[in-house]
Structures are given as C-alpha cells and as structure tokens.
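Work through the exercises below with the model open in a viewer. Try each task before reading its solution.

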Amino acid sequence: MNTQGEILWVDDEIDSLKSQILFLKNKGYDVTSISNGHDALELLKDKTVDVVLLDESMPGLTGLETLSRIKEMKPQLPVVMVTKNEAENIMEEAIGSQISDYLIKPVNPNQVLLSLKKIIDTRRLVSEKTTQAYQQEFRNLFMALSSNPNHEEWKELYRKLIYWELEMARSDSSEMMEVLQSQKSEANTEFYKYISKNYEKWINGKAEGPVFSHQLIKKKIAPYIEQGKSTFLILIDNLRFDQWKAIQHIVTDSFKILEEDMFYSILPTATQYSRNALFAGMMPADIEKKYPNEWKNDDEEGGKNLHESKFLEGQLKQLKLDHLKWQYTKITNNDDGKNFEDNIHNYLNNDLNVIVYNFVDMLSHARTEMEVLKELASDEVSYRSLTVSWFEHSPLHRALKKIADKDIQVFVTTDHGTVRVKTPSKCVGDRATTTNLRYKHGRNLQYEDRDVLAFRDPRVVGLPRPNVSSTFIFAKEDVFLCYPNNYNYYVNYYRNTFQHGGISLEEMIVPIIRLQSK
C-alpha cells in the first residue's frame, strides 16, 4: 500500500502521544517514534523520512540542539517544532534555524495532519504540476525537433530544454527527469547532424549562420560601448547556459538584465581556439597568419592563451575603438580574485574592462583530475550547485556588488561550455596527436566515422593546418575519444566527466548576457 509519508516523531513523553500517532497511522502515514534527540540523529543516518516532528523541551539534547544537528546532516529535511511554550525567543531561534512549521502542545491530531499535508503535499503537488506541464510541452519540443530548426530556433529549443531540466531538478521528479534526459540526448543527435551539414558553409560565408565566437565582440558588445561610461566584459571560462541560469538570481539582486541571448562557439569548443577567436575577432587560421609568433598549435610548447590582450588590442583597432581607455585582467586563482575585488573602484576609470575569470574551467578540469570533485560533480545538478556555491562566495560576486550602485553596464559571457561524456569511441593516432577527449588533430588518425565530424583540410573551417596531412576530428553528442591501449582504464576513468572540444548543445550554444546597474 502507498504510504502518505514517513514521519519521525521525537518526544521524551512519547507514550502520551499514542492516540495522535494512531490517528496518523490510520490516515496512511508511517510513524516512527523516538524518545530522545541522540537516538533520532542515529536513526536519521540510515533512514529516509519525509518530516520530523520534534519536541522543543527534552532533557539531555534539547529540541533546538537536535534541530541544528538535523539541519547539518540533512539541510532539506522539513522539521515541525512541537512546543509547550510560545515564548518569542525560542520560536525566533527555531525559525532562524529553518523549521517548516510549529505546533503548540497539547497537539490536536487534526492540526498535525494539516501541517504534514501542507509540507508533504506541497512538494508532491509542485512535482506533479511540473510533470504535467512538461508532458504537455514534450510533444511541442518533439515537433520542434523534427521540423528542421534553424540556428535561432535551436537556441530557443535549447533554452526550453534547460528550463525544464531546472524545473525537474527543483521538483525532484526522477521519472520525468529520465524522459527529459532522453529528449535532450535526441536533441543532441539532431544538433550534431545540423552542425555537420552547415558548419563549413557558415564559416566560409556561403550561408548566413549564427553569431560565432569571432563575431561576438563586434556584433553583440561593441555597439553598446561608450566613452565615459564604464563597461565590464566578464568572460567566465567554460560557463554553460544552465550554469548561468543557476547563478542568475544572485546576479539580478544587484543588476537588471537588458538582454539574455546565446551565441555559438566555434569548433573546437576548446579554450585556445574559441577564446583566442573571441578576442582577436578572427578565426584561428587568420590569427596564425597575422600573429605567427603568438599563435601556438596544440602540439607546440608554451601557453596557448597568453596573448589575449594583444589580440583584443588588434580587434579594438579594427573596430575603431582604440581611442577607449581599456584594461585586460585575467584571474586564475583566489589571490588574483581578491586583488580584483580590492581594487574594483579603480576599474571605474576605464571605458572598457575585460575580465577573464578562469574558475569554472579549473573546476571542470579538476573534475577529471581530482577524485574529490568526481564525487562532488557527478551530474548536471551537482555541477550547477557547485557553480552556484562558488559564485556566491567568489571575489567576482563581491566585486560586482561593490560597484552595483554606479552607472555601469556588464556583459557576462563565456568561450564554450562542457558536456558530460558517457560513450567511449576508439581512436588511434601517432605520438604528435592531441590528447583532448572531444577533438583531435594529427596525421594518420584512425577513428569511427559514425562518432565524429572530420575535416581532412582544416583550413576549410578556419583552422590552422599544423602539417600537410593534419586532420581535425570532433566528437559528437556525449562521445569521448580513447586510445586502444589501456582502453578500459581510460574509459572508466573519464566516463561521466565534463569535457569540451566537440559538438553538443552544451558546448556550442553559450550565454551572452547584457546587464545594467539597477
């Protein structure tokens, strides 16, 4: 029989509550009763309950002490305080500690029932409402997918998928989340076909395409830059659209959104290609021609993103914006971040401040390197929540809050996103072949045709050709490329990690947000 909910009732006079407990059991609730805080905490280590009814005045571990330990252990677990005493300071302390409701002794069985219904049913109803609304939308998304969407419609489709993903995560509906994930994976299959068919034409200007990395500043940012008004362009490396949506509520405490849009990252969706293209305002092959000493291919020694400010200087000159007072700052660790936060008011003297914040990139790379992060960010939900807790406590957030009352505009963007990889594909190359899991270039590459988009002459898609027989390949959907030697080890090590460089909605369609101080 379906239970209405699992209840834990903690009270040192539990015997006097037998009739109330029986009443709840008759209403279909499973009730476990315990007479002290210590035993309750022990039980909660192993048992999942929906609500805790907690007596406020117990000998030994008091109700409030028990409450604070429950919240440490299970922050989301609803607790209803049962008290003899409506004394203000006790209730204030309890409410400050996040109780969901409180009841005054002697408790009336119907009051308890009402409180439980309110807590349990609200969660269930929210979940059901979300599920129902998504079921209606499912057909629309399915129709949109099969109606050959153009690049603008793909952005809209992806926006909707992310909206539902966030709603499902909130309502905790695991069955519907599975349906959504399979729809998202179907969308990625279609998106890969769409990119394979059109990418070369777009890059060569033979068909009108979306705004790409190398056009972002010219088309989406430059038109809004004014002399005498401070503009901040903040590029958070590796920020997916869903991660932006997760931190949006924190940003909008201080700023209003004037425009929320997306653009397409160029291929490979990897920092040294997409970010250099973004700052230079040109494709990598053209950067290599114009800046032969600064451009480094994957197989060359030296940092690949060391000359962004020089590339940006060239683009500002090209856009006739070189009269502006501008500054480029790269933040790769917490000390850099603190320094930025402490000196933020000095930045207001510039017309344009370009800030590259590398934290999300560190997080996603660390995701494969550190076992701890493998545990922390094992799926999209935890990856987003990690991003939220980082941003909330970051020097970047504190710095922005300090200047939110000034007349400034802020652009938040990124260079590319990441995708959680699940499907291994064998790939063989010589020693000079690149190590990235989502794209590779090298001579004599052998790979599974069905898993990658290949360009035997990379110049047709604006990429350098390190040597005459270099081929570039890009992995589709959630594929990751593994060498046959030590194959099983690498497959198990990298499966379910977040990677970038290939073709997926998550890596290619990324946010560009225009904000203004309120």
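Predicted model: local features only at pLDDT ≥ 70, side-chain atom pairs only at ≥ 80, totals over all residues.

**Exercise 1. Overall make-up**

Task: State how many helices and strands the protein has, and what share of its residues is buried.

Solution. 
- Step 1. Count the elements: 20 helices and 19 strands.
- Step 2. Take the box along the principal axes. The C-alpha atoms fill roughly 85 × 55 × 40 Å.
- Step 3. Sort by burial. Of the 518 residues, 55% are buried.
- Step 4. Residues 24 or more positions apart account for 74% of them.

**Exercise 2. Charges**

Task: Find how far apart the mean positions of the positive and negative charges are.

Solution. 
- Step 1. Count 65 positive and 75 negative charges.
- Step 2. Compare their mean positions: they are 5 Å apart.

**Exercise 3. A ring pair**

Task: Classify the aromatic pair F340 and Y347 as stacked, tilted or edge-to-face.

Solution. 
- Step 1. A pair of aromatic rings is described by the distance of the centres and the angle of the planes.
- Step 2. Read the values: 5.1 Å centre to centre and 85 degrees between the planes.
- Step 3. Apply the cut-off. Planes over 60 degrees apart count as edge-to-face, so this pair is edge-to-face.
- Step 4. F340 is buried because its relative accessibility is 1%. Y347, at 8%, is therefore buried too.
- Step 5. Widen the view. The structure holds 29 aromatic pairs. One aromatic cluster is formed by W154, F191, Y194, Y199, W202, F212 and Y264.

**Exercise 4. Charges over rings**

Task: Which rings lie under K426 and R514?

Solution. 
- Step 1. K426 has its charged end over the ring of Y487, 4.6 Å from the centre.
- Step 2. R514 lies over the face of Y224, 3.8 Å from the ring centre.
- Step 3. Follow Y487 further. Y487 is among the buried residues of helix α19 (residues 487–494), with V491, Y493 and Y494.
- Step 4. Look past α19. N496 follows, with a positive phi near 70 degrees.

**Exercise 5. Helix α12**

Task: Which elements do the buried residues of α12 pack against?

Solution. 
- Step 1. List the buried residues of α12 (residues 308–318): E308, F311, L312, G314, Q315 and L316.
- Step 2. Recall the helix geometry. An α-helix has 3.6 residues a turn, so residues three or four places apart point the same way.
- Step 3. Name the partners. They are the helices α8, α10 and α11 and the strands β8 and β9.
- Step 4. Check the residue just after α12. K320 takes a positive phi of about 60 degrees.

Note on methods: Residues numbered from 1 in each chain as written. Heavy atoms only, no water. Phe/Tyr/Trp six-rings, centres within 6.5 Å; stacked < 30°, edge-to-face > 60°. Buried < 20%, exposed > 50% of the residue type's maximum accessible area, 1.4 Å probe, protein only. Lys NZ or Arg CZ within 6 Å of the ring centre and 35° of its normal. Helix = DSSP H or I, 4+ residues; strand = E, 2+ residues; numbered from the N terminus. Contact = heavy atoms within 4.5 Å. Lys, Arg positive; Asp, Glu negative; His and termini not counted. Charge placed at Lys NZ, Arg CZ, Asp CG, Glu CD.
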